Amino acid sequence: MDSIILQILNGLDKGSAYALIALGLTLIFGTLGVVNFAHGALFMIGAFCAVTLNRILTLSHQVIDNTRTDFLGNPLKVDIPYIYDFFGENIGRAIIDWSVPLSILFAIPIMIAIGVIMERGLIRHFYHRPHADQILVTFGLAIVLQEVIKFYYGANPIPSPAPEAFKGSFDFGALVGFDPNTIIYPYWRLVYFCFSLIVIGAIFAFLQFTTFGMVVRAGMADRETVGLLGIDIDRRFTIMFGIAAAVTGLAGVMYVPINPPNYHMGMDFLVLSFVVVVVGGMGSLSGAVLAGFMLGILESFASMREVIDLLPGINQIIIYLVAIIILLTRPRGLMGRRGVMED
Amino acid sequence: MFKLNKKDLRTLIIVILLALFAPFLLNPFPTDSALAQFNAGYPDLMQRFVIFGIFAVGFNILFGLTGYLSFGHAAFLGAGSYAAIWMMKLLTMNIIPAIIISVIVAGIFSLFVGWISLRRSGIYFSILTLAFSMMSYQLAYSVLTPITGGETGLQPKVNDPRLLDGALAEGAIPKANLFGLDMSQSYDMSLGAWSFTFNSGYYIAAAFLILSFYLSIRIFRSPFGMMLRAVKSNQQRMTYTGLDPKPYTLAAFVISGMYAGLAGGLLVAMDTQAGAERMFWTASGEVVLMTILGGVGTLIGPVLGSGAIKYMENIISKINSDILHTWFAFLPDGLENVIVAIIYPFIGKGWHLTLGLLFMIVVIALPGGLVEGAQRLSRLFKKGKNKSNENE
């Protein structure tokens, strides 16, 4: 029993990432009908927003500290981040420590801007082209974005730690009445899970309870009619593209402490997120979220020792296997709408 | 001739000439000149040109004719490679059985994958093929290590049981051959400042390219090819006329899978090793790029596209900042540095950036690829000519 709970917990953080990325992908697909292969790159850019903010915060100048000496006996040069000068050392230290959560604020405007530029600059010209063309041009864009990041940040993963308060693990089992030390769970993964729930909830609430969201939903159902009613649906869809980019970027920002970002992390997640979207059903937001968590948890169950002994290699392929089975038995995916991409 | 009409025969002859004279065409610069680094006429690269040409020609039969975009063809290439290397380990270092088996294995594998994937179409088909190829890749890396060699891959070893060849002398390196003709055997010819290399492996691969190109022309012009086009243009109408599109699409899928297997077998024949990275999905993406860049659904497009991409991959990635500095040395120093700094991200390790940009430009501005570009140019040229005639 405890190992089952442990696996579910382990699956939750990966599942949260899948769910967020797939949610963004579905928002884009559902609103604009565009198959966006550059979506993984947005996730990666989000992660590098966190890295960038960290670098900006730790910009420092050198100060000679006469009280200490280095091994040659010369006065020691100490790097003092500018932020210490502005806010004092204690607050400055805390700000740098919390740079990853702070990056959320930094990433949202950047990601929205990137999304809007992408939509206005490139993707709007591809609405009426075949899906194959959309796949290909966004695939090219993904390569370009990935290479640009590689050029500026190098090819190696850049470790960016979580705030001190969330480092380490806690005994989840003891909280809910299991033996101590059976279910240990890192704090940050729990934070990531809660964060993803908040973002997903916010998106659904936004679509459900605001006038803007209502118009967008109407546009998703029947774009033409909404246009005929005199509503500028294109502009709203552009904003939705920005929001979708922001959701994906935030997934990347918060994923940084779990997995040090490198330039090809986007491509690694791209394939998986498409599989998630297809399993959930093209164009279904709740399907994407559900499938994300489901596949994340399934993946972690498949990597249990007992399962691997029974079916060697299953942990590597379980997601693809599930995708194949779902596509063949339920072609529309778990919660896909009728008539979406059924050509 | 060869049951081809005049135009197709001309295309075939162009490809044959290109293949035969590639060692000359790809080495246009004297060996010692500064431009020698643009020479691509060395055996390893020429072999890659033709092998990936075969791969792209096969992919075009599926994507160009039926419109089904497969993102998993690298799996068949990888399967073909593994099959070929096992033939070399078990039977003989002669490449003929290796290539035959690689085509057969890839055919059977693609029959299985295609039979399942073709139940869906559009993006679902792409995802299904992608899922299959990623599964093969992951399995080849992990569980199937006894068969695939895992991360290290496979190479023929001296003490493999090779039933037909018999035991090799101690210390001898098993070399791929065609009835004794070594694949790496080359004949160097120098003409003045130029030197040209004629490699036996290249010409064998080129023979396969010509053969598969001829086959693809025949498929394009056959009633079967018409059926495949019907699948692309309107499946519903095809069904209403009482035809079942599935067997035709499946046949196209298997044929293109066999082409991929042939390419995989040839890769092993030229360079006797196989690894799982050949099955990674970016490798499938690469063949899509080649086909698109050359021109989807055209005959000669894939050959040109694969040539262009492999050329850039090898040549652009070799250029470094020193070479750039020598090129722009004639400029004032400040300007030179600025220009080098601008170009630098696009060359050397950054050639993927160039590839991505080029790819976007082609899809945005020239959906028909290089072939369409050439057609537009020639039309423009003709128009200009006509106008000047009218003026006279």
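**Helix packing and chain contacts in the predicted model**

The model is predicted, and its overall scores are ipTM 0.79 and pTM 0.85. For chain B, the mean pLDDT is 85, with 96% of the residues at 70 or more. On the H3(B) side, the contact involves Gln47(B), Ile51(B), Phe52(B), Ile54(B), Phe55(B), Val57(B), Gly58(B), Phe59(B), Ile61(B), Leu62(B), Leu65(B) and Thr66(B). These residues meet Thr249(B), Ala252(B), Phe253(B), Ile255(B), Ser256(B), Tyr259(B), Ala260(B), Leu262(B), Ala263(B), Leu266(B), Leu267(B) and Met270(B) of H11(B). By class, the contact of H3(B) with H11(B) comprises 19 nonpolar and five polar residues, and no charged ones.

Gly114(B) belongs to helix H5 (residues 95–117) of chain B. Because 28 other C-beta atoms lie within 10 Å, Gly114(B) is buried. Apart from neighbours within four places in sequence, the contacts of Gly114(B) are Leu250(B), Phe253(B), Val254(B) and Gly257(B). Phe253(B) is also among the residues of H11(B) that meet H3(B). Thr249(B), another residue of that contact, is 135 residues from Gly114(B) in sequence, with a C-alpha to C-alpha separation of 8.7 Å.

Tyr42(B) is placed in the loop between helix H2 (22–25) and H3 of chain B. This residue has 16 C-beta neighbours inside 10 Å and so counts as partly exposed. Between Tyr42(B) and Val340(B) there are 298 residues of sequence separation and 28 Å in space, C-alpha to C-alpha.

Two further helices of chain B were examined for span and burial. Helix H8 (residues 200–221) of chain B contains 22 residues and reaches 32 Å from its first C-alpha to its last, close to the 32 Å expected at 1.5 Å a residue. Buried positions in H8(B) are Gly201(B), Tyr202(B), Ile204(B), Ala205(B), Ala206(B), Phe208(B), Leu209(B), Ser212(B), Phe213(B), Ser216(B), Ile217(B) and Phe220(B). Helix H16 (residues 351–365) of chain B contains 15 residues, and its reach from first to last C-alpha, 21 Å, is close to the 21 Å expected at 1.5 Å a residue. Within H16(B), the buried residues are Leu353(B), Leu355(B), Gly356(B), Phe359(B), Val362(B) and Val363(B).

In chain A, the axes of helix H9 (residues 211–221) and helix H11 (residues 233–255) come within 10 Å, with a crossing angle of roughly 105°. H9(A) and H11(A) are therefore roughly perpendicular to each other. Phe212(A), Val215(A), Val216(A) and Gly219(A) form the H9(A) side of the contact, and Ile233(A), Arg236(A), Phe237(A) and Met240(A) form the H11(A) side. Six of the residues in the contact of H9(A) with H11(A) are nonpolar, one is polar and one is charged.

Phe293(A) lies in helix H13 (residues 285–302) of chain A. With 23 other C-beta atoms within 10 Å, Phe293(A) is buried. Beyond its neighbours within four places in sequence, Phe293(A) contacts Gly15(A) and Ala19(A). Asp13(A) is 280 residues away from Phe293(A) in sequence, while the two C-alpha atoms are 8.5 Å apart.

Between the two chains, 31 residues of chain A are in contact with 33 residues of chain B. Helix H6 (131–153), helix H12 (265–280) and helix H15 (314–329) of chain A each supply at least two residues of the side that touches chain B. H6(A) provides the largest share of this side, 14 residues. The side of chain A that touches chain B is made up of 24 nonpolar, four polar and three charged residues.

Ala323(A) is located in helix H15 of chain A and, having 27 C-beta neighbours inside 10 Å, counts as buried. Setting aside neighbours within four places in sequence, Ala323(A) is in contact with Val275(A), Val278(A) and Val279(A), and also with Ile127(B) and Ala131(B) of chain B. Leu145(A) stands 178 residues from Ala323(A) in sequence and 28 Å away in space, C-alpha to C-alpha.

Methods. Residues are numbered from 1 along each chain as its sequence is written. Chains are lettered from A and ligands numbered from 1 in the order in which they are written. This is a predicted model: local features need pLDDT of at least 70, side-chain atom pairs count only at pLDDT 80 or more; totals for chains, interfaces and linings use all residues. Axes are lines fitted to C-alpha atoms, for helices over the stretch in contact, and angles run from 0 to 180 degrees between N-to-C directions. Helices (H or I, at least four residues) and strands (E, at least two) are DSSP runs, numbered from the N terminus. Angles under 35 degrees count as roughly parallel, over 145 as roughly antiparallel, 65 to 115 as roughly perpendicular and the rest as oblique. Two residues are in contact if their C-beta atoms, placed from the backbone, lie within 7 Å. Ala, Val, Leu, Ile, Met, Phe, Trp, Tyr, Cys and Pro count as nonpolar, Asp, Glu, Lys and Arg as charged, and the others, Gly among them, as polar. pLDDT is the predictor's confidence in each residue, from 0 to 100. The expected span of a helix is 1.5 Å times one less than its number of residues. A residue is buried if 20 or more other C-beta atoms lie within 10 Å of its own, exposed if 12 or fewer, and partly exposed in between; C-beta atoms are placed from the backbone.
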